[in-house]
Amino acid sequence: MSSPRSPSEEARESAGGTPTWHPAQEWLEEDDEVDMDYHPAMDESEDGWEEMEGEDMGLGVSDENPHINIGNIQIELTTDDHDEDEEGGNGGQTRIPASRLFQLLASSGLQHILHSHGWASNAADEDDDDEDDPDYYVPTFRHRLRTRRARGDPQFPKVPSDAGTELMGQGQFGTDQHYVDRLKKRKMGFATKLMWRELGVDSYGARRRADQAISQNMIPSSVADKIIHYDSRSYSGQFSDDGNFFFCCAQDFKVRMYDTSNPYEWKYYKTVRYPLGQWTITDATLSPDNRFLAYSSIRSQAYLAPTDPEDDSDPSQLDFALSINRGRRQSWGSSHFGIWSLRFSGDGREIVAGTSDDSVIVYDIETKQPVLHLRDRHQHHVNAVCFGDKSSPHLLYSGSDDSTLRVWDRRSMGDGREAGVFMGHTEGLTYVDSKGDGRYVLSNGKDQTMKLWDLRKMMTTANFDNIDPTIFTTGFDYRFEKYPDNFYEPHPYDYSVVTFRGHSVLKTLIRCHFSPPGSTNSRYVYSGSEDGKVYVYNMDATLAGTIDVGSATLNSRPHEPDVFATAYEMSGEMLWRTCVRDASWHPNAPVLAATSWNGWGLSTGTCTVHSWNNGAANDEGDPPIGKSYDDRLRYVPEFNDYRENAPAARTRRPLRSRPVRRMFLEEEDEDVEW
């Protein structure tokens, strides 16, 4: 989950260098595991913090020399001279040392500046004996961005994509408008399409295509039907395959479950908890029959809980650190790894997991033992895994921070190597999603792109073994830094079918998905984004529409007194911020649920329900739309009263569904501002 290390950094460490240390980034997780989304606030009570001076951090700051030099940035602290009183005092005010002030600024307001321009380390002051301690771990935030790699403007992929346009015309990803309608420039609305469907005696030809196109154009609106609030950040949420069930994972180690058999009127189901979890619940997955939910944390154990609200039994522990067929914990590597991703197989008998131990593990639920360990191939954390075919457990996909997406065929694992590799991302992968047909797979990357892959175009293992994927990366830290456009460069081994750009993959492992066949005719792919929106793309990489979760939830809960204790963003003014981490499109209705870090300084979380409303700004139904509820779907009057009376922080945009129109033939594409 961390950003991959650059070759130059590895060379410095192998030469005996010590990691850069700074108290603003120090945190020691239990069992030496670190969640790379973690962004702690400062704790002044830690031992040694009071005595820490600027020169110990490599800043060259002291009381006599109140300067800080970082690359081409020079900061000087000056104070106005005041006449002291007769006793020589300072008017009862306590003098703060310059070095102490710079420490506080570096932990909050100057953090992004320091990251962007490097942070020098005074390695001679470090204690080399600490490196021999197995419990010693210091996270490193080192400046690793390379200079601009190419002159001129970045060579972004063509939009619209020719390959994507061809896919859209083949019928596997929705239905194109009939060519006669395009020639005559007909713009049939929803009512017109319904009329043609009702008048048609048989559904053949153009009428059949019109029937299919009715649902695929219903992109949910930015207006939120419901805003479900959580007191901690929300990490993931998904509908079941039949649409009758929804779960949401939060940082308080709880998974809430809801009955969504009526997608417009949810009902609270039950809550399960991960005991003794670390940092957050990282992922969850439903069994195909909706009877069980498996969920994980940054631990080597997952838990399996029944979804029946009448069943209050304790969840079963699934230990992924057990050795294969031996029933005891493994001797190789570390048994205290974390699990980033989980997925049930199509038959519900196995679970595949991606771990911080750079491995992929397949776990048999009946025997409660791992049946397959795939190690020593990925070079970094495996952030996402999935099965490639709903009807078969043999095909696996895994996406890693080493920037590769690997394909595993369990029927040919004699040498323990993958069947093939997809290269094209220049930074680590955050998520992978399979279309379920054993052919197409989707990936999200920290290089701010989403890519569609065809299994027939993967690179063979023999060819991949001669390539070092890390040489194409910049090594930027997606948690705190922006990814400049001029760092984009086409990957020389990119065999992806379509590349999608526009959303922002920053701060956390943001997820992407194929749209479902039932409610969208498999027309789109969509992704969450750090800017608080859900981006919906056509298969030709053009933008079909956006769902603005940030505007829909702005000021939807009051400013909590202890917000600074849980806020992710500590610098500057504490503003309302939204980062959509996951989204799920209902399989049978034009409804989308967005799971977000949401609130003042990203301190809390929400799950917002958005439905298609044909562009209407208001809904006369009951209950009113846009209201706030707690995690058990109980109306929260103080939240709603606060929003109605809160001063406008910025100009509110009209929250209506505004899909981007696709133009055909020789017409120019129109840019739509959102």
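Guide: Residues are numbered from 1 along each chain as its sequence is written. In this predicted model, local features need pLDDT of at least 70, side-chain atom pairs count only at pLDDT 80 or more, and totals for chains, interfaces and linings use all residues, while side-chain values use heavy atoms, with hydrogens and water left out.

Visitor: Why is Asp-312 called exposed?

Guide: Its relative accessible area is 71%. Exposed means over 50%, buried under 20%, and partly exposed in between, with a 1.4 Å probe and protein chains only. So Asp-312 counts as exposed.

Visitor: Where does Asp-312 lie?

Guide: Asp-312 sits in the loop between strand 10 (301-306) and strand 11 (316-319). Strands (E, at least two residues) and helices (H or I, at least four) are DSSP runs, numbered from the N terminus.

Visitor: Why is Lys-507 called buried?

Guide: Lys-507 has a relative accessible area of 10%. Buried means under 20%, so the word applies. This residue is in the loop between strand 23 (498-501) and strand 24 (512-514).

Visitor: What makes Ser-522 buried rather than exposed?

Guide: The relative accessible area of Ser-522 is 9%. That falls under 20%, so Ser-522 is buried. Ser-522 belongs to the loop between helix 9 (517-520) and strand 25 (524-527). Its phi is positive, about 55°, although Ser-522 is not a glycine.

Visitor: Which residues does a cis peptide bond join?

Guide: Val-159 and Pro-160, with omega about 0°. Pro-160 is in the loop between helix 3 (111-117) and helix 4 (162-170).
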